[in-house]
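Colleague: I would like to learn how to read a model of two chains. Please take me through one.

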Amino acid sequence: MDSATSELPARMPLDDAAETGLKIVVVGGFGVGKTTLVRSVSEIRPLNTEEVMTQAGVGVDETDGLVTKTTTTVAFDFGRISLNERMVLYLFGAPGQERFWFLWDRLFSGTLGAVVLVDTRRMSDSWYAVDRLEHHRTPFVVAVNRFDDDASSFSLDEIRQALSLSDDVPLIDCDARVRSSGKRVLITLVDHLYELAMAREMTP
Amino acid sequence: MIRKPVDIGFPDRLYMVTGGRSRADDTTFDLVTLIVSESAPTAGLQSEHVRILELCRHPTAVVEVSAELRMPVTVVRILLADLHAMGRISARHPHGSRPAASLPDSVLLKEVLHGLRNL
């Protein structure tokens, strides 16, 4: 098994010809294995950073000069895959919680698509992510992380029902720890995006 | 993974780093905009600017600069805007980074697929 435990370099410069950065976002609840998935396919050790956002309070009359502001900090991990000498794909592990979503446009606009990582023991965590992605019209696939030999639980059909996923959303099993499995998740997503793009381009 | 919080020290420091500014034009630097130094650091530059110029001798994404400097993306955008205004860095912008811009086309996606399959 090609596990993800081998040490990855922390710093590895990109090719000087690198010119196009692309993003894919992995969303899911706490502890579902987002970082594990990012790590298993990344060429660098996943890094983390954060975005601090100040928002003017909603519904406040600004003319009185008393604008309340709220500050939200969202931390996220990311990894990197050099696709060729010009193109580099960044994978972001993003939290699924509610407070994160108002930053989606700001942080992840222009993302190719998203992977919703699901833990069958906490399926409800994924509900919100699926709903928000549909709302943002971000194409996505759903990957069920079958770690801890989670063979006992639900079939993919049952999960599709539980999440009310439409038939055109790809749904697969994965083991986020395994590189080949993580790679298959990404390929499933990009395949799906490709199909969507082809359908769009065929339509006059 | 042991998560190290981004070390922003005390808030005053961030304030000083950016000269009191709290936001840059968001649309200038996407998370995956690749930054490349156009010149070596020179005397008189603020230390954060020096670090960015050293880091970006090879193309480096905005988000990587943020992680390396351990500063929030917002702050890094401001520092990058300074360097850009001084002509010290150039920015290679991502494909279709504008919100609601055209979705990625099949040609680009084919290239991505090819790259992933060759991993």
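Modeller: Start with confidence: pLDDT is the predictor's confidence in each residue, from 0 to 100. Chain B averages a pLDDT of 83, and 74% of the residues score at least 70. This is a predicted model, in which local features need pLDDT of at least 70, side-chain atom pairs count only at pLDDT 80 or more, and totals for chains, interfaces and linings use all residues. Residues are numbered from 1 along each chain as its sequence is written, and chains are lettered from A in the order in which they are written.

Colleague: How many helices and strands does chain B have?

Modeller: Chain B has five helices and three strands. Their order from the N terminus is α-β-α-β-α-α-β-α.

Colleague: How do I read the interface?

Modeller: Count contacts: two residues are in contact if their C-beta atoms, placed from the backbone, lie within 7 Å. Here 40 residues of chain B are in contact with 42 residues of chain A. On the chain B side, helix 5 of chain B gives the largest share, nine residues. By class, that side has 21 nonpolar residues (Ala, Val, Leu, Ile, Met, Phe, Trp, Tyr, Cys and Pro), nine charged (Asp, Glu, Lys and Arg) and ten polar (the others, Gly among them).

Colleague: How are two packed helices described?

Modeller: Two packed helices are described by the angle between their axes and the distance between the axes. Axes are lines fitted to C-alpha atoms, for helices over the stretch in contact, and angles run from 0 to 180 degrees between N-to-C directions. Helix 5 (residues 179–202) of chain A and helix 5 of chain B pack at an angle of about 160 degrees, their axes 9 Å apart. Residues making the contact include A:L186, A:V190 and A:Y194 of helix 5 of chain A and B:L109, B:L113 and B:R117 of helix 5 of chain B.

Colleague: What scores does the predictor give the complex?

Modeller: The complex gets an ipTM of 0.86 and a pTM of 0.87 from the predictor.

Notes. Helices (H or I, at least four residues) and strands (E, at least two) are DSSP runs, numbered from the N terminus.
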